[in-house]
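Thank you all for coming; I would like to walk you through one structure this morning. Please look at the sequence and the fold on the screen while I talk.

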Amino acid sequence: MPDTDPALFSAEDMLAAFARRRLTPVDVLQAVTERVARLNPQLNAFAVMNPGALQAAGESAARWRAGRPIGILDGVPCTVKDLVDLAGFPTRRGSRTTSPEPAADDAPMVAGLKAAGAVILGKTTTTEFGWKSPGDCPLHGITRNPWNPAHTTGGSSSGAGAAAAAGFGPLHIGTDAGGSVRIPAAWCGLVGLKPTYGRIPQWPASAFASVSCAGPMTRTVRDAALMLSAMARYDLRDPFCLPDEPCDWLDGIDAGVAGLSVGVLSKPGFDAPVDADGIAAVERAAQLLADAGADVEAAEADLPDTSLAFTRAWAAALARVVAGLPSQLASLLDPGIREVAAAMGGMSAVEFMDAEALRATTGHVMARLHQRFDLVLCPTVPAGPPLADAPTQDPVRALTTAWAPWTFTFNLSRQPAITVPMGRRADGLPNAVQIAAAQFRDDLVLRAARAIELAQPFEVADLG
């Protein structure tokens, strides 16, 4: 067990300490809240804190004293992204246009975490309606990267990325419609899992319902699997939720990659940019997987132009957000949302359905690719995190060049994809790679990520 600040323990280490009575959930919560008080004013990770967290931690401590923890996460601090309903708190979605009235019910994934005993620390910031990768929003301002506060965390799960990297507990809910878990994970040195579409139930539906997933953001791969086990519970409120029985996603996670085939993907349907650091990260990860016994080779996929397909789906969703608001509220939106809606919201029904057809084709092509390869390896982001104060310019172009060119293909195909840290970039900020598997094979991406973690342990941000 690490000899360090309890706030920096993994969820697994916290649970082991609770079981051995070396720490209590109250001890851990106090350590975490001390870090929040000290570091959050500079980082701005939280939309709101949960005043009931201490009571929940105390109740968990009583259960551990009695030897009766209620679930696999009893007493472990967790945060909830402010696109996700948490009963008793408003879901503001980073927007001045939303209601401050509290949600009546927990979203399915929150219900799963609470049933497992997790202590909800608070709600984390998001870009407005989850629309972009730079980590700022009109309601809560700029969220900053713990590795270097001059830079963005990425988004849209900006607060979750900052909270995880800063040691504000080990478990954080993100959502991902085009990379919004994986991009901040890459730029904050974290593990970020976008599971198979429907693996984690979502309700209410997001603005990007046809491509959006929720997933864990953590500092270790095993914690991501542990969190997934609590979140992936069938819920009838989501008609697209997989009806699978609950399972322990830690099972087999340490089985390694020997005998698995890995294709290194150089083009996700269009000429997606990547810098020298990103290329080096992919090369290093390929070598680590090969050293662990995987068969690694270059992969080519006859994908359609996924940038066209995703841009149209993204723009249509934003146009719908704008059209659904009275004009006096629409004027309060992030100007970039209005810019995208004005530029692309007038597409015809035929153009939109063409994009839907391309989405389906993307899924078919990737399914065929996975008849040859168990796993696909590629970059997560085209470059390192931009400056946090940089204005958003030309968002339609930025989406496919600076933000999400390597991530949204796997939202279109609905297959699982995970981001794992790969050391540091030349400027000292985190580097990362992305691993995908065939639809429903979330177990394989977790195994591959764990193999990399064992071969090259992940570094934690040093915040003092």
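Which residues of helix H4 (residues 108-115) are buried? Before I answer, this is a predicted model, in which local features need pLDDT of at least 70 and side-chain atom pairs count only at pLDDT 80 or more, while totals for chains, interfaces and linings use all residues. Residues are numbered from 1 along each chain as its sequence is written, and side-chain values use heavy atoms, with hydrogens and water left out.

The buried residues of H4, where buried means under 20% relative accessible area with a 1.4 Å probe and protein chains only, are Pro-108, Met-109, Val-110, Gly-112 and Leu-113. Helices here are DSSP runs of H or I with at least four residues, and strands are runs of E with at least two, numbered from the N terminus. Those buried residues pack against strands E2 (77-81), E8 (171-176) and E10 (213-218) and against helix H7 (221-231), contact meaning heavy atoms within 4.5 Å. Just after H4, Gly-117 takes a positive phi of about 95 degrees.

Turning to the sheet, E2, E8 and E10 belong to an open sheet of eleven strands with mixed pairing, in the order E1-E3-E2-E8-E10-E9-E14-E15-E13-E11-E12. Its edge strands, E1 (46-49) and E12 (295-299), each pair on one side only, where pairing requires that DSSP finds at least two bridges between two strands. Further along, strand E13 (residues 375-378) and strand E15 (residues 430-437) run antiparallel and are joined by four bridges, with Leu-377 standing opposite Ile-435 in E15.

Conventions: Buried means under 20% relative accessible area, exposed over 50%, partly exposed in between (1.4 Å probe, protein chains only).
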